[in-house]
Amino acid sequence: MDYPITPVPFTAVCFTDRFWLPRLETNRQVTIPYDFEKCEETGRIDNFAKAASLMEGPHEGLFYNDSDVFKVVEGAAYSLSLHPDPELEGYLDDLIKKIAGAQENDGYLYTARTIDPEVVDSEQEGLERWSNLRISHELYTVGHLYEAAVAHHQATGKRTLLDVALRNAELIDSVFGPDKIRDVPGHQEIEIGLVKLYRTTGKRRYLELAKFFLDQRGQPDRGNLQTNYDLPGYMQDHLPVTEQREAVGHAVRAAYMYSGMADVAALTGDEAYIAALDTLWQNVVSRRMYVTGGIGSRHHGEAFGEDFELPNAKAYAETCAAIANAMWNHRMFLLHGDGKYLDVLERTLYNGLLSGVSLQGDTFFYVNPLSSDGAWAFNVRAGAVRSPWFTTSCCPTNVVRLLPSLPGYTYAHQDDRLFVNLYIGGNATIPLIASEVKLTQETSYPWSGAVKLTIDPSEPTEFALHLRIPGWARNEPVPSDLYRHLDRSDEPVTLRVNGASVATELNQGFAVVRRNWRSGDTVELDLPMPVRRVMSHENIEDNRGRVAVERGPLVYCAEGVDNGGSALDLTLPDDAPLVAERDEGLLGGMTKIRSGGATLIPYHAWSHRGAGEMNVWLARA
């Protein structure tokens, strides 16, 4: 038992396009070595050396900093899978020796305690192992270890890091369980990692342990942890997971938990999990998500707010939360096969996530507001320009693992059905029941909606090709009434097979073409991309009397640098023309939008030309 729909592995997909390929190459050539360098500069890697008795000194930095190293290792391993690099592989070999040396004899791995167990902070790490799981992140950090270990093993065939992870997982399994310690991690993540260990080893007790941690949440007989926090459901431990109906608390923790729940549901068939996930997803998409796909509106607690609590200037919308939202929506698609989940995934990828890393790959946003006065900063994590690093640097190290795995989100299959989820130029090899299909995709998406697919099955084969017709191309910016287009577009989506027009009847957001496919068959999809005004639900206070602008999957914003230094007081009357204009000199080549004297650029590209005002939602009058 597993997900009904199977994603095509990222190793079977090669990007060749002009939009995502440069971002992936920048991640490989710049961000991965940069993040490792920062982990060295800040003592994150030295902590492993100290715990391994390879050097002396106290633990440096925050008690959960081990996780950042594991995430960069995971990203580096993904990169190795796509681009063999002996130098990078050698660097990882040396680093893994330090990590293995830092592991205690029984499998415990947590450098903050191992380096000097006598000086741990009782309010953070706890005086003894597992004594303060709400705060310590002992289980969170090793969850990222498990993900990194599986990625490294798959990339290199080596077991050096996988064996470290398995020793730790055996320890965790011996400590926690129905007749052992019944407690849960304050920050979810180990659940996702345990499932990956299960898939790699086939040992079902790892899957059962992941489910145990999920099922213990909100259980009154083991104590309610929320009494220590002033936010309802801060760590989603206020109710059993199957009884949770609203997305509350820390947004990253929540979406990691929902991703873990989806994995467990797929592998166990737990219908109660699926029912809870469906309700939680509907709550987020219809009440608690920004037009950029960002989630988590409150700085206090990095948390979801109440329904329609979506402020712009004080939006939190953490980059990690966007990544977690993308992970969760991909899993929801694999569960249900509905394109609406991919619509949210795409919106998040192109806007709320991609804004978190600069085009150069070495500066980052932790927080992604939808309006900025060019100077305001809630704390060191929020500002008008991207930062080279943060004290808590989960976002830079999360970006570095998401980008190289992105090809794995592009295609999927189920029996004799082949799903095209995202429109990104490249080629892929996809196994169907009757034959292997090689597929080549040519497109300038997201700047153009013209897509050409060339089909090359190993032998003539009948199968159903499912082409996602994005919600934005169907007058539906999101699959709810949270946002809507001000005017309806009547420009039709067109589909041709070998040059002949084909009707585009939709099935769960996909145009389906079933035929006997032969090598060289072509499919041409044209998704019109008019510039659209977007309105939000009237209950979103900040957006009353305002519109946002989008074209295709891209949300646009005004920046002061393009508009006489001012973006906050711009108006966009309903009758003002909106013209898309290609500008090859703008940040490597982008399509901007002009309206009278105003100029708008893609939201993900803001803050590349110095600090200044920025605004997504513009006054209509």
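Me: How many nonpolar, polar and charged residues does the lining of the second largest cavity have, by class?

Reply: This is a predicted model, in which local features need pLDDT of at least 70 and side-chain atom pairs count only at pLDDT 80 or more, while totals for chains, interfaces and linings use all residues. Residues are numbered from 1 along each chain as its sequence is written, and side-chain values use heavy atoms, with hydrogens and water left out. On a 1 Å grid over the protein atoms alone, a cavity is a set of points where a 1.4 Å probe fits but cannot get out, and lining residues have an atom within 4 Å of a point. The lining of the second largest cavity has 3 nonpolar, 2 polar and 3 charged residues, with Gly counted as polar and Pro as nonpolar. Among the residues lining this second largest cavity are Asp343, Arg347, Trp472 and Pro553.

Me: Which residues line the largest cavity?

Reply: The largest cavity, with a volume of about 60 Å³, is lined by Trp472, Ala473, Ser489, Glu491, Pro528, Pro530 and Arg532, and these divide into 4 nonpolar, 1 polar and 2 charged.

Me: Which residues touch the most other members of the largest nonpolar core?

Reply: A nonpolar core is a set of buried (under 20% relative accessible area, 1.4 Å probe, protein chains only) Ala, Val, Leu, Ile, Met, Phe, Trp, Tyr and Cys residues joined through side-chain atoms within 4.5 Å. Here, of 204 residues in the largest core, Trp20, Phe36, Tyr146, Phe176, Leu465 and Val616 touch the most other members.

Methods:
On a 1 Å grid over the protein atoms alone, a cavity is a set of points where a 1.4 Å probe fits but cannot get out, and a pocket is an open set with protein on both sides within 12 Å along at least five of seven lines; lining residues have an atom within 4 Å of a point. Grid points are joined across faces, edges and corners, and a volume is the space filled by probe spheres set on the points. Buried means under 20% relative accessible area, exposed over 50%, partly exposed in between (1.4 Å probe, protein chains only).
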